[in-house]
Amino acid sequence: MSGRMAGKSVAKAVGQYQYPWQEKLAKYKDELSKGVWGYWVLGAWKPLGMSARHRARLRKEVVVAGQDWPYGPARKEMRTKQKGHKCNRISAEKRAKTAELMQKMPEMLADYRKRKWERKMKAEEDAARKSLQE
């Protein structure tokens, strides 16, 4: 019976114990601010003074306590490139552009016919001038 009671008291003591993460954070502040894995000093790579395991444990204690961890690595930008086949991605854009061009088609045909007629008239004028010069 005493073993059961001792187990409860130990569990209660562990539950009440809070990790002194503020003290550890203050102690390793300089070391943590140097980088995530290490830093360069006079052209040589110097690893951090604390191990990655201890650093991870300290980070976990801070996060579990509900605080912000300021010493994490910088996040990369999100990928903007989409996955999938290019033909599947751009087919909708192509259809939209085709519908837009079909709306403009009568104007485009009128412009084309006008340019063709002007080119024909210019060719006839050049031919008439040439025949007069000869």
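The stops below cover salt bridges, surface patches and aromatic pairs.

First, the ground rules. This is a predicted model: local features need pLDDT of at least 70, side-chain atom pairs count only at pLDDT 80 or more, and totals for chains, interfaces and linings use all residues. Residues are numbered from 1 along each chain as its sequence is written, and side-chain values use heavy atoms, with hydrogens and water left out.

**Stop 1: salt bridges**

The structure holds four salt bridges. The criterion is a side-chain nitrogen of Lys or Arg within 4 Å of a carboxyl oxygen of Asp or Glu.

Select Glu61 and Lys24. They form a salt bridge, with the closest N and O atoms 3.5 Å apart. Glu61 lies in helix α4 (residues 52–64) and Lys24 in helix α2 (residues 21–27), so the pair ties together parts that are 37 residues apart in sequence. Helices here are DSSP runs (H or I, at least four residues), numbered from the N terminus.

Is Glu61 buried or exposed? Glu61 counts as buried, at 8% relative accessibility. Lys24 is partly exposed, at 29%. The cut-offs: buried means under 20% relative accessible area, exposed over 50%, partly exposed in between (1.4 Å probe, protein chains only).

**Stop 2**

Select Glu125, Asp126 and Arg129. Salt bridges link these residues in a network. Start with Glu125 and Arg129: their side chains meet at 4.0 Å, N to O. Both lie in helix α5, four residues apart, about one turn of the helix. Now take Arg129 with Asp126. This salt bridge spans 3.5 Å, N to O. Here the two residues are three apart in helix α5, again about one turn.

Colour by accessibility next. Glu125 is partly exposed at 47%. Arg129 is partly exposed at 48%. Asp126 is partly exposed at 38%.

**Stop 3: the positive patch**

Which residues gather in a patch of positive charge on the surface? Select Arg79, Lys81, Lys83, Lys86, Arg89 and Lys94. Patches take residues with over 30% relative accessible area and no salt bridge; like charges are joined within 9 Å, nonpolar side chains (Val, Leu, Ile, Met, Phe, Trp, Tyr) within 5 Å. Lys and Arg count as positive and Asp and Glu as negative, while His and the chain ends are not counted. Each charge is placed at NZ of Lys, CZ of Arg, CG of Asp or CD of Glu.

Centre on Lys86. It sits in helix α5 (residues 86–133). Lys86 is exposed, with a relative accessible area of 58%.

**Stop 4: the nonpolar patch**

Select Leu101, Met102, Met105, Met108 and Leu109. They form a nonpolar patch on the surface, with about 430 Å² of accessible area together. Areas come from the Shrake-Rupley method with a 1.4 Å probe; for residues, only the protein chains shown count as cover. Leu109 is found in helix α5. Its relative accessible area is 36%, so Leu109 is partly exposed.

**Stop 5: aromatic pairs**

The structure holds two aromatic pairs. Select Trp40 and Trp45. Their ring centres are 5.5 Å apart and their planes stand at 70 degrees, so the pair is edge-to-face. Rings of Phe, Tyr and Trp (its six-membered ring) pair if their centres lie within 6.5 Å; planes under 30 degrees apart count as stacked, over 60 as edge-to-face and the rest as tilted. Trp40 is exposed at 60%, whereas Trp45 is partly exposed at 44%.

Finish on Trp69 and Tyr71. They form an edge-to-face pair: 5.5 Å centre to centre, 80 degrees between the planes. Both Trp69 and Tyr71 are buried.
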